[in-house]
Protein chains: 2
Amino acid sequence: MGRPSAGKSTLASHVEDQLVEAGYPIENLDGDDIRKHLHPDLGFSREDRRTNNRRTAYIAKLLNRNDIPVIVGMITPFRDSQEQARDIIEDEGEFVQIYVKCSVEAAEERDPKGLYQQAREKNIEKFTGVNHPFQEPLNPEIIVDTEAQSIDDCVDDVMTQLETLGVLDERLDDDYSFSITRSEEQDITERLEELGYLEE
Amino acid sequence: MGRPSAGKSTLASHVEDQLVEAGYPIENLDGDDIRKHLHPDLGFSREDRRTNNRRTAYIAKLLNRNDIPVIVGMITPFRDSQEQARDIIEDEGEFVQIYVKCSVEAAEERDPKGLYQQAREKNIEKFTGVNHPFQEPLNPEIIVDTEAQSIDDCVDDVMTQLETLGVLDERLDDDYSFSITRSEEQDITERLEELGYLEE
């Protein structure tokens, strides 16, 4: 979660790549895609934003219940929706809230879709952080600061912290029937390659 | 798909059991559950029914794209929605339309939720088949007639036809790295058991 232009989609797609690389099945539910395909009728009022967040959490839960991990990049501006998502997801899987932190000034400077500019010119009503609320999460599992860190550092941070949280190890346990972390597996693979055992 | 009280949910849950038994991951998206969790706000107007069907197809597609087969038991009263569901699903997976056939008289006789009675007493507006359209599908892959057949026979029919359609074989291919159908696997397993090779 995070404000518009904070780097949510970019981070999500890089983390998705890393997870796919590591052998995880993964579904990346992009906020814009979900709106377009699931409920193009929903607008940006408080109630519509809450509905958008709630429905997306429900879909993530359906996927989780079938052992498909899900990444969701969505603004999720209200704290009650952030907590509701947690409640819905934790019913079936593990929930990790990642706050993609960025000041409104830096996001506006970035503004790849030109949305801030349009909002300032009053063409967009209810634009998060400009003329509509954005509530910082109280206890996110992971915070990355896209203003202070490069995108690569943010991705590394997320991967390391997911591992620390124990979220990434389970599947490897399945593969090996003993506990091994992603970085341990990588070290071993590299060592075996050096020794010439993994030619393909 | 099929009219209210045709036996869609009953059939879906029995087929789900058979598929789980056969080792398939499976998600059963029940029509009532989807309405309750995803969009409790949707009613039963033509447009709301179409929205309900379209969103459900989109969710099935998300699951299919992650190799999770999905069963959906929904009235799907309009032919355009039936075809739209096919288009959405076939984008990612295989679509099998099962028409759970039953005359309105037999469904009304059955009426486990007392819905037909309420509809007749004018308490339910837009009740499918009574005062709202129900369009028979033109080319369903599978038809079961819950009026003429027992539920067990319907389930057997669906399983046999899924196999004939080649939908069930893929996963077994994955397991064995050669082609084997479900019934062939069952025969072999039984034979191995007889010979005492599969004691557990």
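From the N terminus on, the elements of chain A follow the order α-β-α-α-β-α-β-α-α-β-α-α-α, giving 9 helices and 4 strands. Here helices (H or I, at least four residues) and strands (E, at least two) are DSSP runs, numbered from the N terminus. The model is a predicted one, in which local features need pLDDT of at least 70 and side-chain atom pairs count only at pLDDT 80 or more, while totals for chains, interfaces and linings use all residues. Residues are numbered from 1 along each chain as its sequence is written, chains are lettered from A in the order in which they are written, and side-chain values use heavy atoms, with hydrogens and water left out.

Taken along the principal axes, the C-alpha atoms of chain A fill a box of roughly 65 × 35 × 30 Å. Of its 200 residues, 44% count as buried (under 20% relative accessible area, with exposed over 50% and partly exposed in between; 1.4 Å probe, protein chains only). Among the contacts (heavy atoms within 4.5 Å) in chain A with a separation of 6 or more, 67% join residues 24 or more positions apart.

A:Asn52 lies in helix α3 (residues 46-64) and is buried, because its relative accessible area is 6%. Leaving aside residues up to four places away in sequence, A:Asn52 touches A:Ile34, A:Arg35, A:His39, A:Leu42 and A:Met74. A:Ile88, in helix α4 (residues 79-90) of chain A, has a relative accessibility of 17% and therefore also counts as buried. With the sequence neighbours up to four places away again left out, A:Ile88 touches A:Arg54, A:Ala57, A:Tyr58 and A:Lys61. Between A:Ile88 and A:Ile71 there are 17 residues in sequence and 15 Å in space, C-alpha to C-alpha.

We turn next to the contact between the chains. The size of an interface is often given as the accessible area lost when the parts come together. Chain A and chain B bury about 1600 Å² between them, 54% of it on carbon and sulfur atoms; this is the accessible area (1.4 Å probe) that the two parts lose on being put together, summed over both. Each side is represented by 19 residues, from chain A and from chain B. A:Arg55, A:Tyr58 and A:Asn66 supply 33% of the area that chain A buries against chain B, more than any other three residues.
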